[in-house]
2 protein chains.
Amino acid sequence: MKPSAILETCLCATDLEAAAAFYTKVLGLEMFAKEPGRHAFFRCGQGVFLLFNPEVTIHETSIVNGSPIPLHGTSGAGHVCFRVGEEEIPAWRERLQNAGVEIESEVEWPAGGTSLYFRDPEGNCIELAPSVIWGLPNEQNT
Amino acid sequence: MKPSAILETCLCATDLEAAAAFYTKVLGLEMFAKEPGRHAFFRCGQGVFLLFNPEVTIHETSIVNGSPIPLHGTSGAGHVCFRVGEEEIPAWRERLQNAGVEIESEVEWPAGGTSLYFRDPEGNCIELAPSVIWGLPNEQNT
């Protein structure tokens, strides 16, 4: 018995509005829930990407059906990598540049594939990469 | 054009040995790479789960094929949720208890499904939940 996948991936952002605009407009993620000042939630493939404002979630407990959701929250630059198609990297490079997002680094991996690294408005380290960089199949639509 | 999935989900741990033992022995994840003191990497479904020691990754730049991997690292309790089968929750509850891991909270979600919350040795907030909690199909083996 082991987990079959990661269901929730989280980053923290104190300016949720700016971060949410970035993930929807620049990265094209679908925001499906938000609580202004506390969180913004996005769908991504078979999982969800959650942005939390740590200034709230570190000390304010939410209760669901009588049970507390444990406190969490980080400071500093978190990291996440979103999977994109290997053939899409040039188009993503162009989209980031057109959106005024500085590409901080591009890495060509020994196993093949290129990663684009940049920052979200909060300073989190964001990466776009094809799954071949981890020796995983290039599945765009699953 | 939008990301098709999350490829890398990360948490930070200053005591990588303790954290890595937890994720392999208690959660059953397969560790496939490590650099003692810096990182430990695990496979999970079609993505990877990465543990970084922020005391290193915040200020030491790695170079791959001549390009830098941008710095990142967080402090405080991060959060991740691993997907498990809805029918496996009782067995996970038992496994955590047998491993001496305190279940901090159990949440029954309005959409159905139960989450188990506990801490890794670093204090990160870890959750096991079926995908039904987000209205996603209960796919264990993909």
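Residues are numbered from 1 along each chain as its sequence is written, and chains are lettered from A, with ligands numbered from 1, in the order in which they are written. Because the model is predicted, local features need a pLDDT of at least 70 and side-chain atom pairs count only at pLDDT 80 or more, whereas totals for chains, interfaces and linings use all residues. The pLDDT is the predictor's confidence in each residue, from 0 to 100. For chain A its mean is 95, and 97% of the residues reach 70 or more. For the complex, the predictor gives an ipTM of 0.95 and a pTM of 0.96.

The meeting of the two chains comes next. Two residues are in contact if their C-beta atoms, placed from the backbone, lie within 7 Å. By this rule, 59 residues of chain B are in contact with 59 residues of chain A. Several strands of chain B, among them β1 (5-12), β4 and β8 (79-83), each supply at least two residues of the side that touches chain A; strands (E, at least two residues) and helices (H or I, at least four) are DSSP runs, numbered from the N terminus. The largest share, six residues, comes from β1(B). This side of chain B divides into 31 nonpolar, 19 polar and nine charged residues. Here Ala, Val, Leu, Ile, Met, Phe, Trp, Tyr, Cys and Pro count as nonpolar, Asp, Glu, Lys and Arg as charged, and the others, Gly among them, as polar.

An open sheet of eight strands includes strands of both chains, in the order β9(A)-β10(A)-β11(A)-β8(A)-β1(B)-β4(B)-β3(B)-β2(B), with mixed pairing; two strands pair if DSSP finds at least two bridges between them. β9 (105-108) of chain A and β2 (30-35) of chain B stand at the edges with a single partner strand each, so one side of each is left without a neighbour in the sheet.

Where do the chains join within this sheet? Strand β8 (residues 79-83) of chain A and β1(B) run antiparallel and are joined by four bridges. A:Cys81 stands opposite B:Glu8 in β1(B), and B:Glu8 also has B:Val48 in β4(B) as a bridge partner. β1(B) and β4(B) run parallel, joined by five bridges, and B:Thr9 stands opposite B:Phe49.

β1(B) is mostly covered, with eight of its eight residues buried. A residue is buried if 20 or more other C-beta atoms lie within 10 Å of its own, exposed if 12 or fewer, and partly exposed in between. Why does B:Leu50 count as partly exposed? B:Leu50 does so because it has 18 C-beta neighbours inside 10 Å. This residue lies in β4 (residues 47-52) of chain B and, not counting residues up to four places away in sequence, touches B:Glu8, B:Cys10, B:His39 and B:Phe41.

At the other end of the sheet, β9(A) and β10(A) pair in the antiparallel sense over four bridges. These strands form a hairpin with five residues between them, and A:Gly112 in the turn has a positive phi of about 105 degrees.

Finally, the largest nonpolar core has 74 residues, and A:Phe82 and B:Phe82 have the most contacts inside it. Such a core is a set of buried Ala, Val, Leu, Ile, Met, Phe, Trp, Tyr and Cys residues joined through C-beta atoms within 7 Å. Leaving aside neighbours within four places in sequence, A:Phe82 is in contact with A:Leu27, A:Cys44, A:Leu128, B:Pro3, B:Ile6 and B:Leu7.
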